[in-house]
Amino acid sequence: MYKLDERDIQILSILQEEGRITKTALADKLNLSLTPSWDRLQRLEEAGIIESYGAKLSSSFLSHFHLVITEVELESHKQGEFARFEDAIMDFDEVQSCWSVGGGLDYILKVLVKDVVDYQDFLKRVLKADIGMRRYFSYAVLDCIKDTNSVPVSLIKKSELAKK
């Protein structure tokens with residue numbers, strides 16, 4: 001298992017804030033020459049710690065859409081039912097995230113749609129697909145208070161991946 005040292009953690013922190021940083025600027029921030037900085041970055045990618053790079057869309061752009069959190073309970077917990085639901089839900093473009101959860105629910109979906117009519121159309125298509133959904137609960141997101149995919153450095157340092 002790849003173990004993260006302080007420089008690796010610093011790279012992860014920088015890239016989470018500045019995904020488009022140049023290799024030269026990254027090396028400068030790390031106080032390393034270009035080759036060792038690039039080698040470290042490649043090792044993090046090869047270890048699967050850095051999966052991809054992307055752009056975060058602005059809240060003003062996203063304000064043209066509606067976000068709905070949807071709780072899902074399946075009809076059955078028999079073998080194969082979870083896989084059937086998970087395989088099918090991947091085909092719905094509106095589903096941005098799907099989390100399998102424990103407790104009284106089976107899944108929580110993050111669904112992005114144009115408007116309420118679009119959400120109703122999405123639900124009709126999901127129900128028509130007959131993917132084992134017993135019931136669902138919908139929650140329209142009114143305002144985004146905090147939304148991040150960044151992992152704080154303090155948490156990375158506490159993980160079993162960090163060198164102690």
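This is a predicted model: local features need pLDDT of at least 70, side-chain atom pairs count only at pLDDT 80 or more; totals for chains, interfaces and linings use all residues.
Good morning. The structure before you contains an open sheet of 4 strands in the order E2-E3-E1-E4, with antiparallel pairing. Strand E2, residues 95–100, and strand E4, residues 133–140, stand at the edges with a single partner strand each, so one side of each has no neighbour in the sheet. On average, and ignoring direction, neighbouring strands are turned by 20° against each other.

One example is Val 72, whose bridge partner in E3 is Tyr 107. Helix H6, residues 116–128, packs on the sheet and touches E1, E2, E3 and E4. The direction of H6 makes about 165° with that of E4.

I turn now to the salt bridges, of which the count comes to 10. Which residue meets Glu 73 in a salt bridge? The partner is Arg 135, at 2.8 Å from N to O. Because Glu 73 lies in strand E1 and Arg 135 in strand E4, this pair ties together parts that are 62 residues apart in sequence. Glu 73 has a relative accessibility of 13% and therefore counts as buried, whereas Arg 135 is partly exposed at 44%.

Elsewhere, salt bridges that share partners join Asp 5, Asp 8 and Arg 40 into one network.

A further salt bridge links the side chains of Lys 114 and Asp 115, at 3.8 Å from N to O. Here Lys 114 is exposed, at 53% relative accessible area, while Asp 115 is partly exposed, at 26%.

H1 covers residues 6–17 and reaches 17 Å from its first C-alpha to its last, close to the 16 Å expected. Asp 5 caps its N-terminal end, with a side-chain oxygen 3.1 Å from the backbone nitrogen of Arg 7. Asp 8 is buried in H1, as are Ile 9, Ile 11, Leu 12, Ile 14 and Leu 15. What covers these buried residues includes helices H2, H3 and H7. Thank you.

Note on methods. Residues are numbered from 1 along each chain as its sequence is written. Side-chain values use heavy atoms; hydrogens and water are left out. Helices (H or I, at least four residues) and strands (E, at least two) are DSSP runs, numbered from the N terminus. The expected span of a helix is 1.5 Å times one less than its number of residues. Buried means under 20% relative accessible area, exposed over 50%, partly exposed in between (1.4 Å probe, protein chains only). Contact means heavy atoms within 4.5 Å. A polar contact is a pair of N or O atoms within 3.5 Å; within protein, one must be able to donate a hydrogen and the other to accept it, and residues adjacent in sequence count only if both atoms are side-chain atoms. Two strands pair if DSSP finds at least two bridges between them. Axes are lines fitted to C-alpha atoms, for helices over the stretch in contact, and angles run from 0 to 180 degrees between N-to-C directions. A salt bridge is a side-chain nitrogen of Lys or Arg within 4 Å of a carboxyl oxygen of Asp or Glu.
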